[in-house]
Amino acid sequence: GLIFNDANNYFYFALIFPVYGVLRSRKIVERLHYVITAAILFLALKTIALFYIFSHEFFYLQDVLYSWLRATRLAEITNIDPNILLSRIFMQSQIWLVFLLFVYLALFFKSKSRIAVFLVLLTLPMSAIIISFSRSFWLAWIIAFLVFAGFYFVSRFKKGLKEFFIFIGLTCAVVLASVGLTLAVASFPIPKGVASADLLRNRAARFTGEAAVSSRYSQIRPLLESIKNHPAIGSGFGTSVTYESQDPRVLKNNPDGKYTTTAFELGWLEVWLKLGLIGVLAYLYLLYKICKIGYERINRIASVEIKKYALVGLCVGLIAVALTHGVSPYLNHPLGIGIVIISASLVDRKHI
């Protein structure tokens, strides 16, 4: 059963065949764009709505919602500060917001019309990412954005840097608007709420001491010790490792903190443990190949700049997902594998 549960996630890669078959024209890609846009807007609005309800004790609706969300495993709701009524709304599906924000950022900057539409497409998902209070998302997005900005700086260096600084300015405006929206929702006076920018700053600065962070730290050494058994070819699906956890949910059933599992937050170390260094290099080569093909297409596109930067956004978004996978597993999960499949299908279609 453990072996099947591990391997089952990778079977999702088989969907690349029907996806390649479906994404055969620009018209179909446009339809896909509408579907995905609607989905991420719904996800962002749902995150913001839950954040409002759980940060205001909205007619005690949070009690029913919490039971439903935990039973269906749609979201994790945790209190940010025991002294303040403010909750973190984390959903695994929010990784799609991290990924697509770069695509919409490129379209937002290069689109000569519908700027207000793209502003909404950026501000709402960015607010949802902030509300997730996931430092994995925050750090991966910042690093990937620096890659995006670096590419844009190099591409505009000989033509003048005016557009580059406009791009940076617009991005900062979107981030500030998203922070403002987050604080406005948290502090909205009906019912009374309390929030300040200090909460965001403190969350970003607090990388030690919390259960989630200490749990990740405590996994490193046991995982590396287990990897030593079969570093090249891996120990196979279903391999378990025991480590000491500070997670309250673990301590509830295991007072000594000893926890044995086959699923780990450190995604790349898990791939190394089960598929070996060969598996890690194969996966990294796949991601490299997708970005390489995308980069080659970017260099061949001379006249349609919005299409060029959409491809840049797609490749940088994929890099953000790969970075997130280091501390939150996604590339061995249907959510992340779905992103890889979509990315591969789009960059490899020369007529789209």
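User: Which residues do ring pairs link into a cluster?
Analyst: In this predicted model, ring pairs join F102, W141, F145, F148, Y152, F153, F164, F165 and F167. Across the whole structure, a search finds 19 aromatic pairs.

User: How do I read the geometry of the pair F151 and Y295?
Analyst: Planes over 60 degrees apart count as edge-to-face. The ring planes of F151 and Y295 stand at 80°, so this pair is edge-to-face, with centres 6.5 Å apart. F151 sits in helix 7 (residues 135–156) and Y295 in helix 12, so the pair ties together parts 144 residues apart in sequence. F151 is partly exposed at 23% relative accessibility. Y295 is partly exposed too, at 45%.

User: What about Y152 and F164?
Analyst: That pair is tilted, with 40° between the planes and 6.4 Å centre to centre. Y152 belongs to helix 7 and F164 to helix 8 (residues 162–187), so the pair ties together parts twelve residues apart in sequence.

User: Are Y152 and F164 buried or exposed?
Analyst: Buried means under 20% relative accessible area. Y152 comes in at 1%, so it counts as buried. F164 is buried at 11%.

User: Which residues does G294 contact beyond its sequence neighbours?
Analyst: Leaving aside neighbours within four places, G294 touches L311, C315 and V347. G294 lies in helix 12 (residues 267–300) and is buried at 0% relative accessibility.

User: Where is S328, and what does its side chain join?
Analyst: S328 is in the loop between helix 13 (305–325) and helix 14 (334–347). A polar contact of 3.2 Å links its side chain to that of S136. S328 is buried, at 8%.

Technical notes: Residues are numbered from 1 along each chain as its sequence is written. This is a predicted model: local features need pLDDT of at least 70, side-chain atom pairs count only at pLDDT 80 or more; totals for chains, interfaces and linings use all residues. Side-chain values use heavy atoms; hydrogens and water are left out. Helices (H or I, at least four residues) and strands (E, at least two) are DSSP runs, numbered from the N terminus. Buried means under 20% relative accessible area, exposed over 50%, partly exposed in between (1.4 Å probe, protein chains only). Contact means heavy atoms within 4.5 Å. A polar contact is a pair of N or O atoms within 3.5 Å; within protein, one must be able to donate a hydrogen and the other to accept it, and residues adjacent in sequence count only if both atoms are side-chain atoms. Rings of Phe, Tyr and Trp (its six-membered ring) pair if their centres lie within 6.5 Å; planes under 30 degrees apart count as stacked, over 60 as edge-to-face and the rest as tilted.
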